[in-house]
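Here is a friendly walk through one protein model. Take a look at it before reading on.

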Amino acid sequence: MAGKYSKEMNEKNASDKSNNQVEFRIAKLNQVWEKAIRMQLAPVRLSELHSDLKIQEKDELQWKKLKAEGMDEDGEREAKLRRNFNIILAKYGMDGKKDTRTLDSNRLKDHEVKIGDTFDDPKLDKLWNKARTSGKFSDEELQTLHREFQHHKDKIHEYNIVMDTVSRTEEIHKNVISPLEGDVKENVLHQKHTDLKQRMRDLNQGFERLRKITHEGYTDDSEFREPRVIELWEMAKRSNLSEDELDSLKEELRHFETKVEKHQHYQEQLELSHQKLKHVEALGDEDHIMRNKEKYNTLAEKAREMGYKMKKHLQDLTNKLSKNGLQHNEL
């Protein structure tokens with residue numbers, strides 16, 4: 001591990017590459033980023049990956065500092081970092097496995113909710129069709145509900161990824177020789193099973209929420225519109241926060257929702273810019289291509305910046321809630 005996490009191996013200088021700018025200070029994260037570009041991930045997915053890698057980089061650099069100060073002696077933080085990294089690889093189809101848990105490459109067409117939209121889950125599809133044909137929702141409410149269904153689909157995808165990593169860890173656990181090493185891995189497995197149980201509880205609670213909204217419609221006292229914010233608010237209401245703390249958190253969540261909406265706006269603009277760039281490139285006008293490419297690159301950078309800020313804020317809010325007896329959500 002000393003070589004893998006050494007400064008020489010992980011903190012690469014930009015001069016190492018003559019033409020390509022090094023995005024990350026950690027070599028393995030750069031390798032993932034370069035592979036994603038070669039794979040030609042959709043612009044929005046690439047932007048999402050960049051944000052996830054930036055957060056992973058921040059956490060790993062923070063861990064290296066703690067490690068140098070003699071902390072994390074039991075290796076718990078290091079194991080968690082490795083687990084999060086493997087989850088990122090699986091999430092974006094870069095773990096070398098054929099991914100049967102497909103995600104849409106582009107989910108920004110919320111304003112174009114189509115009759116044929118499906119969520120790769122029979123229960124979700126049935127519930128969505130019931131909501132769509134119920135006549136209880138305005139067009140705007142239907143778009144909001146569609147985002148909630150899509151978010152739930154993503155949470156199922158994340159659950160399957162974590163379940164897959166647990167299965168692989170169990171296979172490794174069977175081949176353990178050292179009793180001491182076995183104790184360590186037993187503890188890791190216990191943590192992962194605890195995480196899985198919490199995720200399953202979250203999924204069940206999320207589905208119940210969707211079922212209730214489908215049957216009753218949105219109420220006037222609905223606090224938030226964005227699924228991630230709604231999920232955090234539901235978590236907060238189940239915690240042991242006082243009324244004053246809940247009021248304070250509600251205000252912070254309103255600010256966070258604004259940040260989420262702003263990020264979504266930039267993602268939509270990025271996708272539109274990408275489509276226009278492809279159209280212009282097909283026409284072959286070099287000046288026109290250059291202008292559109294500059295606009296696309298500016299939007300891509302802004303979307304990544306907003307994505308990192310939004311995901312970092314989400315991480316901070318989740319960590320804050322986890323201190324009140326709630327399970328931390330790694331993704």
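What follows goes from the overall picture to the pairs of side chains.

## Ground rules

This is a predicted model, where local features need pLDDT of at least 70 and side-chain atom pairs count only at pLDDT 80 or more, while totals for chains, interfaces and linings use all residues. Residues are numbered from 1 along each chain as its sequence is written, and side-chain values use heavy atoms, with hydrogens and water left out.

## The overall picture

The protein chain has ten helices and zero strands. Here helices (H or I, at least four residues) and strands (E, at least two) are DSSP runs, numbered from the N terminus. Read from that end, the order is simply α-α-α-α-α-α-α-α-α-α.

The protein chain has 331 residues, and 44% of them count as buried. Buried means under 20% relative accessible area, exposed means over 50%, and partly exposed is in between, with a 1.4 Å probe and protein chains only.

How far along the sequence do contacts reach? Taking contacts between residues at least 6 apart in sequence, 73% join residues at least 24 apart. A contact means heavy atoms within 4.5 Å.

## An annotated stretch

An unreviewed UniProt entry annotates residues 239–266 as "coiled-coil region". UniProt positions are given in the numbering used here, feature names are shortened, and annotations may be inferred rather than shown by experiment. In the model, residues 239–266 are 86% helix and 0% strand, with 33 Å between the end C-alpha atoms.

## Salt bridges

The model counts 24 salt bridges, each being a side-chain nitrogen of Lys or Arg within 4 Å of a carboxyl oxygen of Asp or Glu. One of them joins K311 and D52, at 2.8 Å from N to O. K311 sits in helix α10 (residues 286–322) and D52 in helix α3 (residues 43–68), so this pair links distant parts of the chain, 259 residues apart. Are the two partners buried or exposed? K311 is buried at 8% relative accessible area, and D52 is buried too, at 12%.

R238 and D202 form another salt bridge, with their closest N and O atoms 3.9 Å apart. This pair also links distant parts of the chain: R238 is in helix α8 (residues 227–238) and D202 in helix α7 (residues 179–216), 36 residues apart. R238 is partly exposed, at 39%.

E261 and R225 meet at 2.4 Å, N to O. E261 is partly exposed at 27%, and so is R225 at 38%. Elsewhere, shared partners join E48, D52, K91 and K311 into one salt-bridge network.

## Aromatic rings

There are six aromatic pairs. Rings of Phe, Tyr and Trp (its six-membered ring) pair if their centres lie within 6.5 Å; planes under 30 degrees apart count as stacked, over 60 as edge-to-face and the rest as tilted. F24 and W33 have ring centres 6.3 Å apart and planes at 80°, so they are edge-to-face. Both F24 and W33 are buried.

F119 and W128 are edge-to-face because their planes lie at 80°, with centres 5.9 Å apart. Both of these residues, F119 and W128, are buried, and together with F149 they form one aromatic cluster.
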